[in-house]
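Work through the exercises below with the sequence and the model side by side, and try each task before reading its solution.

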Amino acid sequence: FMFKECFKLFVIKLNSLLSNIARKMKHLAAYCLLVLGGNATPSEDDVAKFMKEVGVAVDKDNLKTMIAQIGDKKVHEHITEGREKMVSVSAAPAGAVATTAAAATEEKAEEEKKEEEEEEVDADMGGLFGDEDY
């Protein structure tokens with residue numbers, strides 16, 4: 001079963017990169033591999049058995065929580081929802097940056113107008129020192 005070898009390598013890599021998150025994600029990775037292998041809705045026992053077969057420790061509480069969170073939805077539905085959330089999260093900062101840039105442009109334009117008005121005032125002060133006759 002080629003998935004077992006891939007899963008072993010995946011878990012080893014995950015554990016080295018993200019120790020705490022990896023411990024939680026390995027259950028999801030096993031679940032997804034079982035789905036890819038043809039089991040449309042793996043049970044808690046299926047995931048635990050698969051993980052034990054490849055020599056990975058199972059945290060029963062995390063596994064139970066994960067299975068409950070997956071619920072009746074298919075894996076692809078969760079992935080689609082996750083993508084939509086990521087798009088909305090990544091779009092917000094871009095909008096904020098655009099708003100900030102627009103505000104900065106408006107402020108710059110207002111400053112330029114003020115500078116122009118100040119220059120006009122300076123030009124009109126020619127008679128201040130009594131040189132109006134010239």
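**Before starting**

The chain has 5 helices and 0 strands, where helices (H or I, at least four residues) and strands (E, at least two) are DSSP runs numbered from the N terminus. This is a predicted model, in which local features need pLDDT of at least 70 and side-chain atom pairs count only at pLDDT 80 or more, while totals for chains, interfaces and linings use all residues. Residues are numbered from 1 along each chain as its sequence is written, and side-chain values use heavy atoms, with hydrogens and water left out.

**Exercise 1. Describe the chain as a whole.**

Step one: read along the sequence, the pattern is α-α-α-α-α.
Step two: of the 134 residues, 16% count as buried, where buried means under 20% relative accessible area, exposed over 50%, and partly exposed in between (1.4 Å probe, protein chains only).
Step three: among contacts (heavy atoms within 4.5 Å) between residues at least 6 apart in sequence, 48% join residues at least 24 apart.

**Exercise 2. Find which residues touch the most other members of the largest nonpolar core.**

Step one: a nonpolar core is a set of buried Ala, Val, Leu, Ile, Met, Phe, Trp, Tyr and Cys residues joined through side-chain atoms within 4.5 Å.
Step two: the largest such core has 17 residues, and those touching the most other members are Phe7, Ala30, Tyr31, Val47, Phe50, Met51 and Val56.
Step three: two or more residues come from each of helix H1 (2-17), helix H2 (19-36), helix H3 (44-53) and helix H4 (60-70), and H2 gives the most, with 5 residues.
Step four: leaving aside neighbours within four places in sequence, Met51 is in contact with Phe7, Lys26, His27, Ala30, Val56, Ala57 and Val58.

**Exercise 3. Compare the buried and exposed residues of H4.**

Step one: Leu63, Met66 and Ile70 are buried in H4.
Step two: these residues cover an arc of only 65° around the axis, so they lie on the same side of H4; the arc is that of the directions from the helix axis to the C-beta atoms.
Step three: on the other side of H4, Asp61, Lys64, Ala68 and Gln69 are exposed.

**Exercise 4. State where Val35 lies and what Val35 touches.**

Step one: Val35 is in helix H2 and is partly exposed, at 25% relative accessibility.
Step two: not counting residues up to four places away in sequence, Val35 touches Ala40, Pro42 and Val75.
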